[in-house]
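Colleague: I am new to this structure and would like to learn how to read its features one by one. Could we look at it together?

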Amino acid sequence: MKEENWAKFISGISHPLFVLVLGMSFGLYSLVIQYDPFQYIAFLFLVTVIPVYFYLWQLFKENRNGNGFALSRENRNIVYLSALFGAVFAVVITKAFNMNYFWMYIAMLLTVLFGILYFVNKFIDKMSFHTYSWGFTMIFLANAISLWWLVGLIGLPLIAQSRLVLEKHNKFQLFIGAALGMFIGLISWTFV
């Protein structure tokens with residue numbers, strides 16, 4: 001029971017949305033955020049409102065059906081598609097309002113990120129979004145010449161172990177999540 005409580009704590013504090021937002025904030029602060037924080041806040045609002053709404057809606061549906069607060073594979077697709085739509089919407093809005101082109105590139109990267117999430121979840125297997133976000137953030141921060149990527153290097157095995165203990169994913173799902181996250185992190189180097 002003690003190990004399960006530890007695993008719940010680790011999984012809870014490393015929620016993928018929190019990891020992505022925090023990691024991108026650390027990685028982008030010295031590049032663009034410090035010069036115009038308003039654009040970052042506007043961008044963050046654009047890319048998070050739609051998927052967070054659908055995520056909470058799907059969680060509410062799952063909990064009401066007695067499944068607890070875990071999304072089924074089918075309901076993850078709805079969240080990933082809404083995130084994909086939110087990222088495409090952010091590309092259009094950043095261009096229309098003449099925001100810094102950097103935010104348009106980051107929105108394009110998020111479009112690729114959520115498109116791959118949807119594709120893998122729909123056609124291959126339920127992938128761990130926890131390890132995906134940690135893998136992406138770790139590589140993204142490594143490019144930003146920040147030592148914060150070391151936190152990801154230490155955190156990734158902890159996250160994977162906690163997801164195994166909670167029986168949320170198998171080893172393949174954890175591996176494919178981390179590998180794809182790191183791959184998209186490498187792609188991000190072309191944008192940053």
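Colleague: How should I describe the packing of H3 and H4, and at what angle do their axes cross?

Modeller: Two packed helices are described by the angle between their axes and the distance between the axes. Here, in a predicted model, the axes of helix H3 (residues 37–64) and helix H4 (residues 73–96) come within 8 Å and cross at roughly 165 degrees. That crossing makes H3 roughly antiparallel to H4, where angles under 35 degrees count as roughly parallel, over 145 as roughly antiparallel, 65 to 115 as roughly perpendicular and the rest as oblique. Axes are lines fitted to C-alpha atoms, for helices over the stretch in contact, and angles run from 0 to 180 degrees between N-to-C directions; helices themselves are DSSP runs (H or I, at least four residues), numbered from the N terminus.

Modeller: Because this is a predicted model, local features need pLDDT of at least 70 and side-chain atom pairs count only at pLDDT 80 or more, while totals for chains, interfaces and linings use all residues. Residues are numbered from 1 along each chain as its sequence is written, and side-chain values use heavy atoms, with hydrogens and water left out.

Colleague: Which hand does the crossing of H3 and H4 have, and which residues make the contact?

Modeller: The crossing of H3 and H4 is right-handed; a crossing is called left-handed if the near helix is turned anticlockwise from the far one by less than a right angle, and right-handed if clockwise. On the H3 side the contact (heavy atoms within 4.5 Å) includes Phe43, Leu46, Val47 and Ile50, and on the H4 side Ile78, Val79, Phe85 and Ala87 are among the residues that take part. The residues of this contact divide into 15 nonpolar, 5 polar and 2 charged, where Ala, Val, Leu, Ile, Met, Phe, Trp, Tyr, Cys and Pro count as nonpolar, Asp, Glu, Lys and Arg as charged, and the others, Gly among them, as polar.

Colleague: How does the pair H2 and H5 look when it is read in that way?

Modeller: The axes of H2 and H5 come within 12 Å and cross at roughly 155 degrees, and the two helices are therefore roughly antiparallel to each other. Their crossing is right-handed. Met24, Leu28, Val32 and Ile33 of H2 meet Phe102, Trp103, Ile106 and Leu110 of H5, and the residues of this contact divide into 8 nonpolar, no polar and no charged.

Colleague: What should I look for in a nonpolar core, and how many residues does the largest one have?

Modeller: In soluble globular proteins, nonpolar side chains tend to be buried together. A nonpolar core is a set of buried Ala, Val, Leu, Ile, Met, Phe, Trp, Tyr and Cys residues joined through side-chain atoms within 4.5 Å, and buried means under 20% relative accessible area, with exposed over 50% and partly exposed in between (1.4 Å probe, protein chains only). The largest such core has 35 residues, and those with the most contacts inside it are Phe43, Trp103 and Leu110. At least two residues each come from helix H2 (16–33), H3, H4, helix H5 (101–123), helix H6 (129–143) and helix H8 (171–188), with the largest share, 11 residues, supplied by H5. Leaving aside its neighbours within four places in sequence, Leu110 is in contact with Met24, Phe43, Val47 and Ala87. Apart from this core lies another, of 8 residues, among them Ile10, Trp134, Leu156 and Ala178.

Colleague: Is Gly135 buried or exposed, and what does it touch?

Modeller: Gly135 lies in helix H6 and, at 0% relative accessibility, counts as buried. Not counting residues up to four places away in sequence, Gly135 touches Leu156, Ala178, Gly181 and Met182.

Colleague: Where is Asn98, and what is its phi?

Modeller: Most residues other than glycine have a negative phi, and most peptide bonds are trans. Asn98 is in the loop between H4 and H5, and its phi is near 55 degrees, a positive value in a residue other than glycine. Asn98 is exposed, with a relative accessible area of 61%. Glu167, in the loop between helix H7 (149–165) and H8, has a positive phi near 60 degrees and is exposed, with a relative accessible area of 70%.
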